[in-house]
Amino acid sequence: MRTMLADAPRTALTMAYWGFVLYLFLPLTLMMAMSFKNAAFIAFPIGDWTFDWYLKVMQDKPFLEACVYSVLVAGLTTLAATVIGVWIAMLIATTEGRWGAVLFALACLPAVVPGMISAISLRIFISTIDMPTGTAAIVLGHTVHAVPFVVVMALTRLRSMPANLVDAARDLGADSVVAFFRVTLPYLGPAIGGGMIFCILLSIDDFVRTFFLGGYRPTLPMLIFAKVQGGMSPEINAMATLVLLVTGAVGLYAEYYTRRSRSR
Amino acid sequence: MASNSTLVRGGAMPAVAAPAYSTRLPALFNSGLYQSTLGALVSNKTTRMVLLAAVPIVWIVMMHIGPIYQMLKISLLSNYPIQHGRAPTVTFANYAIFFSEPLYFMPLIRSFVYATSATAVTLLVVYPVAYYVAKIVQPDRRSKALLLLLVPFWAGELIRTFSIIMLLANRGALNVFLRDVGMIDRPIPLLYTPFSLGFGLVYLISLYMLLPLYSAIDKIPKHLLDAAADLGAGPFTRFRRIVLPLSRDGIVSGCSLVFLTSIGVFATPMLLGGPTTVLFPETISGFFHGASDKWPVGAAFAMIMLVSALTTAAIFMRIVGGKSTRLM
């Protein structure tokens, strides 16, 4: 009896954890299951199961085009955000004291400002510089959002870097650019890799910025949003499931990648 | 390699320090082109600092401060787009519109109510989970236990919101389950209600609560808890006197992040809410559809939302305190 009482908090916490895991996975599992329903409307129980919705989605030209477009946007975003993010992190790491803190706060601003506000302010901004909505504007918007995450990841790694590595390179005759490319950048490798995968996930998910900055070509979230508003069908579930599986695989790889490079 | 190693530093300094270390990028950095351009620039401390600072400062000013400043400017214009020959006047009329109609200010109040309740619920739900992973799970299994909680969040805002519909629809899993076990005769309308919106918000934001809480609780030394237990403190006392105060920073940053995220959520209310749950982002977005002459009002509303949300988060940090006011 006494041990049971002593174990009660531990049991309750264990149950809280598994309950929460169930809560997180249940809706997504239901969504995946529904994509196999052999009927044109969304309702439980599923009854007959079928693969037809996947065959249909695989031949759906707008869906495939949206996939390609999302990947293109994510690739450009990742490229831009990584260069700018690492550059900002380098500046913050070499700036001491109060100005370093101010720079850090300013660099992280877009991660704190609500997505809706950032989307609208960017929409107004690109129109004042006469930039049209479309791919360039979306990439700009996604990059603004992704840069703070790259900065934080790169900065964490930079702060753990022994200062004498660069000193040694400089003593051996490397100028600061050479030292950066030969010493600092390789040391940053894992953080940059993790940051890049994070940028891809952020860009593929981003709905609100694309909504305000996009042209007529829809990205994946735009396409799914339009479909949901147009009426429900297991076809949307099949699309969402495919997107989920791909982003899940990217995320799992990121996890594997960061863990491997951390243990190295 | 042998020829490189004969060039030792010192003595007569060669104008071009031949890098004995270079094996992979030598051609570019040894080229005269590099040495006479970028190489020459970075050999001077001032130009080196200018190069290092130029891109970050231009980016931050242009992309972080510029758009907000531009939004503030437009929100004060009496007419937009600016016509030729007519000077726009600065006015607060666009802000006054917000207070003129319940249709305008009610959604902001609603947004605050939803964001605050979602934050409170998320804190209560996620805290035990974060504590379990940080303190109860064996260290070697901890990262797996954490990973299991992270996986669903890779699905993104839209897909996660959409998946809630499968659970709460009239013929969704929950209603069908309750009907099959005989608890209800007809479906309870759950979707497109305040409940489904709140449920969706909590589902969407709990990760932003989990990570700060986990890292704060993880930092609490285990021996403090053991010592307290040895001195006779029960689980509740240990929690109240040790865990809660020492995880305050995590609570502050988790709640601020979650609050600011849920205030600005745009797609979720449109997919899960009903006509009575229009939130402020949707109201603002209405001014940006169609002609741009309504932009000043939309910009003013967006400024009201930004300032009130950041002020609330700042007040919260001040009240709850904690040394760390960092949001990330």
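Visitor: At roughly what angle do the axes of helix 9 and helix 11 of chain B cross, and within how many Å do they come?

Guide: Happy to! This is a predicted model, where local features need pLDDT of at least 70 and side-chain atom pairs count only at 80 or more, while totals for chains, interfaces and linings use all residues. Residues are numbered from 1 along each chain, chains are lettered from A and ligands numbered from 1 as written, and side-chain values use heavy atoms, without hydrogens or water.

Helix 9 (residues 156–168) and helix 11 (residues 194–218) of chain B cross at roughly 135 degrees, with axes (lines fitted to C-alpha atoms, angles from 0 to 180 degrees) that come within 10 Å. Helices here are DSSP runs of at least four residues.

What touches what? In this contact (heavy atoms within 4.5 Å), helix 9 of chain B brings residues including B:Glu157, B:Arg160, B:Ile164 and B:Leu168. Helix 11 of chain B answers with B:Phe195, B:Phe199 and B:Tyr203, among others.

Now take B:Met166. Beyond its neighbours within four places in sequence, B:Met166 contacts B:Gly172 and B:Ala173, plus chain A residues including A:Leu30, A:Met34, A:Phe44 and A:Asn237. B:Met166 is also among the residues with the most contacts inside the largest nonpolar core, along with B:Leu149 and B:Ile284. That core has 131 residues (buried nonpolar ones joined through side-chain atoms within 4.5 Å, buried being under 20% relative accessible area). Helix 7 (residues 102–136) of chain B gives this core its largest share, 15 residues.

Definitions and conventions:
Helices (H or I, at least four residues) and strands (E, at least two) are DSSP runs, numbered from the N terminus. Buried means under 20% relative accessible area, exposed over 50%, partly exposed in between (1.4 Å probe, protein chains only).
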